[in-house]
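Have a look at the structure first, then read on.

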Amino acid sequence: MNQNEANYLKSIELLGAQIKQSYNEALKIKLPVNFKEVNKIIACGMGGSQLGAELIKELFADKLTAPILQVKDYSLPSWVDKNSLIFLLFRLAIHLIPH
């Protein structure tokens, strides 16, 4: 097994603990009252950064009170407004290219 494969395997092994930690941290968030005015959730990111948004859309589709809309571009669409909750998603990855 090469190092990239080992890293991927380790990422998969840690996923359950990462989801649990994220869930527990999210429970501590206190949102301002005006967040009730949000009518759309915007997830901005490229590639694998959007995986979390995809997962949440599927797992909580029956519980979401606003749609999750994904933006996979470098700029926000014109329909984003003051009632949009925007998440900027990124995953920092270092890619080593052998010589």
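## Starting from one glutamine

The side chain of Gln 50 comes to 3.0 Å from the backbone oxygen of Ala 43. Bear in mind that this is a predicted model. Gln 50 sits in the loop between β1 and α2, and with a relative accessibility of 2% it counts as buried. Setting aside neighbours within four places in sequence, Gln 50 is in contact with Ala 43, Cys 44, Gly 45, Gln 70, Val 71, Lys 72 and Leu 89. Two residues from that list turn up together again: Gln 70 in β2 is the bridge partner of Ala 43.

The parallel pairing of β1 (residues 40-44) with β2 runs over 4 bridges.

Now for the nonpolar side of things. The largest nonpolar core has 5 residues, namely Ile 41, Ala 43, Ala 53, Ala 66 and Ile 68. So Ala 43, whose backbone oxygen the Gln 50 side chain reaches, is also a member of that core, being buried and joined to it through side-chain atoms within 4.5 Å. As for Ala 66, its contacts beyond four places in sequence are Val 38, Asn 39, Lys 40 and Ile 41.

## Salt bridges

The model has 3 salt bridges. Here they are:

| Pair | Closest N and O atoms |
|---|---|
| Lys 10 and Glu 13 | 3.9 Å |
| Asp 81 and Lys 40 | 3.1 Å |
| Lys 63 and Asp 62 | 3.8 Å |

Which parts does the Asp 81 and Lys 40 pair tie together? Asp 81 lies in the loop between β2 and β3 and Lys 40 in strand β1, so the pair links parts 41 residues apart in sequence. Lys 40 counts as buried at 10% relative accessibility, whereas Asp 81 is partly exposed at 38%.

Lys 10 and Glu 13 are 3 residues apart in helix α1 (residues 3-27), which means about one helical turn separates them. Lys 10 is partly exposed at 45% relative accessibility, and Glu 13 is exposed at 51%. In the remaining pair, Lys 63 is exposed at 58% and Asp 62 is exposed at 65%.

Note on methods
Residues are numbered from 1 along each chain as its sequence is written. This is a predicted model: local features need pLDDT of at least 70, side-chain atom pairs count only at pLDDT 80 or more; totals for chains, interfaces and linings use all residues. Side-chain values use heavy atoms; hydrogens and water are left out. Buried means under 20% relative accessible area, exposed over 50%, partly exposed in between (1.4 Å probe, protein chains only). Contact means heavy atoms within 4.5 Å. Two strands pair if DSSP finds at least two bridges between them. A polar contact is a pair of N or O atoms within 3.5 Å; within protein, one must be able to donate a hydrogen and the other to accept it, and residues adjacent in sequence count only if both atoms are side-chain atoms. A salt bridge is a side-chain nitrogen of Lys or Arg within 4 Å of a carboxyl oxygen of Asp or Glu.
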